[in-house]
Amino acid sequence: MARYTGAQCKLCRREGQKLYLKGDRCYTGKCGIDRRSYAPGQHGQSRKKISEYGLQLREKQKARRFYGILEKQFRNYYVKAARQPGVTGENLLRLLERRLDNVVYRLGLAASRNEARQLVRHGHFVVNGRKTNIPSFLVRVGDEIVVREKSKESPRVKELIERAADNTPPAWLEYDAEQLKGRVVALPSREQIDAPVQETLIVELYSK
């Protein structure tokens, strides 16, 4: 399957802000954008006038990289969002938030979305009693996400379980630290989604 294998810090530098792609490292002095706050490449420090299309494109790329989505996947999410009733931009972000890998990250059971994606692929979580290893699985209201029994013996999973106990998930999620169980209590509203993107620009880009 296609995936980005380059330096994660370059993606943040290209978008000009932290996308928190490397977990705990993003909160330290080793963060790439703190050390070099300009775009990567030979002409990264040059000042360029960005066109309206350029702004829209950068916003789409920022959202895509924030959630770790490939171009074709992202386009499919937009098409699905556009078909739903309501505001297309908000529908798009709501779909992306409902991905299982994002939910695992939001519950504090992974240090980054990349790690959450890997943990899901390796079958460390059970959704509604069934082992689910598809990161793009869309959770629904009432769904329960539980750490798989066999996975509790993994040193890294144990570390993440301790981490999740101190984490405060967004209001549309609940986490029971004793039973190691997360639950979707509502669909996320726009105010509960902290994605650093202007979704209206993405809609304008795809509407052309």
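**Entry 1: helix H9**

How many of the eight residues of H9 are buried? I looked this up in a predicted model, in which local features need pLDDT of at least 70, side-chain atom pairs count only at pLDDT 80 or more, and totals for chains, interfaces and linings use all residues. Residues are numbered from 1 along each chain as its sequence is written, and side-chain values use heavy atoms, with hydrogens and water left out.

I found that six of the eight are buried, so H9 is largely enclosed by the rest of the structure. I took buried as under 20% relative accessible area, exposed as over 50%, and partly exposed as in between (1.4 Å probe, protein chains only). Helices (H or I, at least four residues) and strands (E, at least two) are DSSP runs numbered from the N terminus. I listed the buried residues of H9 as Glu 199, Leu 201, Ile 202, Val 203, Leu 205 and Tyr 206. They pack against helix H3 (52-67), helix H4 (71-83) and H5; contact here means heavy atoms within 4.5 Å.

Axes are lines fitted to C-alpha atoms, for helices over the stretch in contact, and angles run from 0 to 180 degrees between N-to-C directions.

I noted an angle of about 110° between H5 and helix H9 (residues 199-206), with the axes 8 Å apart. The two helices are therefore roughly perpendicular; angles under 35 degrees count as roughly parallel, over 145 as roughly antiparallel, 65 to 115 as roughly perpendicular and the rest as oblique. H5 contributes Thr 88, Gly 89, Glu 90, Leu 92 and Leu 93 to the contact, and H9 contributes Glu 199, Ile 202 and Val 203. I sorted these residues into four nonpolar, two polar and two charged. In this scheme Ala, Val, Leu, Ile, Met, Phe, Trp, Tyr, Cys and Pro count as nonpolar, Asp, Glu, Lys and Arg as charged, and the others, Gly among them, as polar.

I then turned to H4, whose axis comes within 12 Å of that of H9 and crosses it at roughly 95°. This makes H4 roughly perpendicular to H9. On the H4 side I found Glu 71, Phe 74, Arg 75 and Tyr 78 in the contact, and on the H9 side Ile 202, Val 203 and Tyr 206. By class, this contact has five nonpolar, no polar and two charged residues.

**Entry 2: the sheet**

I traced an open sheet of five strands in the order E2-E1-E3-E5-E4, with antiparallel pairing. E2 and E4 stand at the edges with a single partner strand each, so one side of each is left without a neighbour in the sheet. Two strands pair if DSSP finds at least two bridges between them.

I counted two bridges between E1 and E2, which run antiparallel, and saw Val 126 opposite Lys 131 in E2. Strand E3 (residues 144-147) pairs with E5 over three bridges in the antiparallel sense, with Arg 183 of E5 as the bridge partner of Glu 144. Four bridges join E4 to E5, also antiparallel, and Tyr 175 stands opposite Gly 182 in E5.

Gly 182 and Val 184 form the covered face, while Lys 181 and Arg 183 form the uncovered one. In a regular strand the side chains alternate between the two faces of the sheet.

**Entry 4**

Which residue of the hairpin of E4 and E5 takes a positive phi? I found Leu 180, with phi near 55°, in a hairpin that has four residues between the strands. Leu 180 lies in the loop between strand E4 (173-176) and strand E5 (181-184), and is buried at a relative accessible area of 10%.

Asn 128 is in the loop between strand E1 (125-127) and strand E2 (130-131), and is partly exposed at 42%.

**Entry 3: Arg 117**

Is Arg 117 buried or exposed? I found that Arg 117, in helix H7 (residues 113-121), counts as buried at 9% relative accessibility. Leaving aside neighbours within four places in sequence, Arg 117 is in contact with Tyr 67, Gly 68, Arg 99, Asp 101 and Pro 135.

**Entry 4: confidence**

The chain has a mean of 84, and 77% of its residues reach 70 or more.

Terms used:
pLDDT is the predictor's confidence in each residue, from 0 to 100.
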